[in-house]
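Please read the following report with the sequence and the 3D view side by side, and look up each element as it is named.

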Amino acid sequence: MAEERIPFRGGLTCSCVVKSLPFVEKDLQQRGLINGSIRIFQLGYRTDVDASAGTHARGGCTDVAPFNAAVIDVWRQWGWTMQDRSPFFADDHAHGWPYKCPHLSAAAQQQEDDWDRKDAGLVGGAQVQGRWPVLPWNEAFDKMVPTLISQLGVPLMAGNAVPIRITYHDDQALTPVVVGRVNVKQGGSTVVFDSSKGVDCTATIVVGGLKPGETVDLWWGVEWKKDGSKDQDKTGTPVPVTLHEDGGIQVRYAEPLEKAAAGWTACLRLFYKTDSATAMIVQRKFRGWKLV
Ligand SMILES: [Zn+2]
Ligand SMILES: [Zn+2]
């Protein structure tokens, strides 16, 4: 395996660490186990630190804090071999690598052999404490990313997202007082059709024709549709953004789109309400993606 030596957070490391660590960090933040960033003491491709006995000479190995049992358990769920090294080294840190990283030094590879025997890799016969075994980091990654998405309610770019790119140019005159739908094509207003574990879509809407004191509210809503039946509004409490004068505004939807009841299809649509008899939508764009 060729050396990677990718610059990352003030050091050098391999692609496994570059890909996995930011997600572990996001997970730790979401669980309230860290504020801000993981503290990194040492990455890879260095031979100037005696105490590590060559384990950091190539990729994979990473020294971090904090390292309490709850934090280490999250690392393990992401397929890392992170272990508390604070009793054994002057600098308090946890040491580990993405399990099955192919960029390990010979010394780190030896530690992985120890790990496979549940040996903590220290002098003497100390056993690995806590969650063991762990999945290879890339399998763990694929398994953990969706759980992170459901915690966040916002899809991360996780590989199975399809883009939402809608631009519709026709002007749309707005009907005052009643709730209306923003068109995304001639006679159509559905931006996302069918449920999804995660949608992140931003609408950019430009309005003209507002008189002083008039406003337009815009909000994302969910409707269920079924052939031959009237659409059902499932929005709950709308969270509108308000335009107070002619111009553009953005409205973001970043949540799952729940499944509809049997026979119905969930649809994500943008709604408006205005007190203006003259307001028009003169431009709209929808940009984002949905998990499939
Ligand atoms: Zn280390
Ligand atoms: Zn690696």
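The axes of helix α1 (residues 15-30) and helix α2 (residues 69-77) come within 10 Å and cross at roughly 135 degrees, where axes are lines fitted to C-alpha atoms, for helices over the stretch in contact, and angles run from 0 to 180 degrees between N-to-C directions. The two helices α1 and α2 are therefore oblique to each other, since angles under 35 degrees count as roughly parallel, over 145 as roughly antiparallel, 65 to 115 as roughly perpendicular and the rest as oblique. The crossing of α1 and α2 is right-handed, a word used if the near helix is turned clockwise from the far one by less than a right angle, while anticlockwise gives left-handed. Helices (H or I, at least four residues) and strands (E, at least two) are DSSP runs, numbered from the N terminus.

This is a predicted model, in which local features need pLDDT of at least 70 and side-chain atom pairs count only at pLDDT 80 or more, whereas totals for chains, interfaces and linings use all residues. Residues are numbered from 1 along each chain as its sequence is written, and chains are lettered from A and ligands numbered from 1 in the order in which they are written.

In helix α3 (residues 106-116), the buried residues are Ala 108, Gln 111 and Trp 115 (buried means that 20 or more other C-beta atoms lie within 10 Å of the residue's own, exposed 12 or fewer, and partly exposed in between, with C-beta atoms placed from the backbone).

Asp 84 stands opposite Ala 94 in β6.

| Strand pair | Bridges |
|---|---|
| β5 and β6 (residues 94-96) | 2 bridges |
| β7 (residues 161-168) and β17 (residues 280-291) | 8 bridges |

Of the 8 residues of β7, the number buried is 0, so this strand lies largely in the open. The bridge partner of Val 162 in β17 is Lys 290.

Methods:
Two strands pair if DSSP finds at least two bridges between them.
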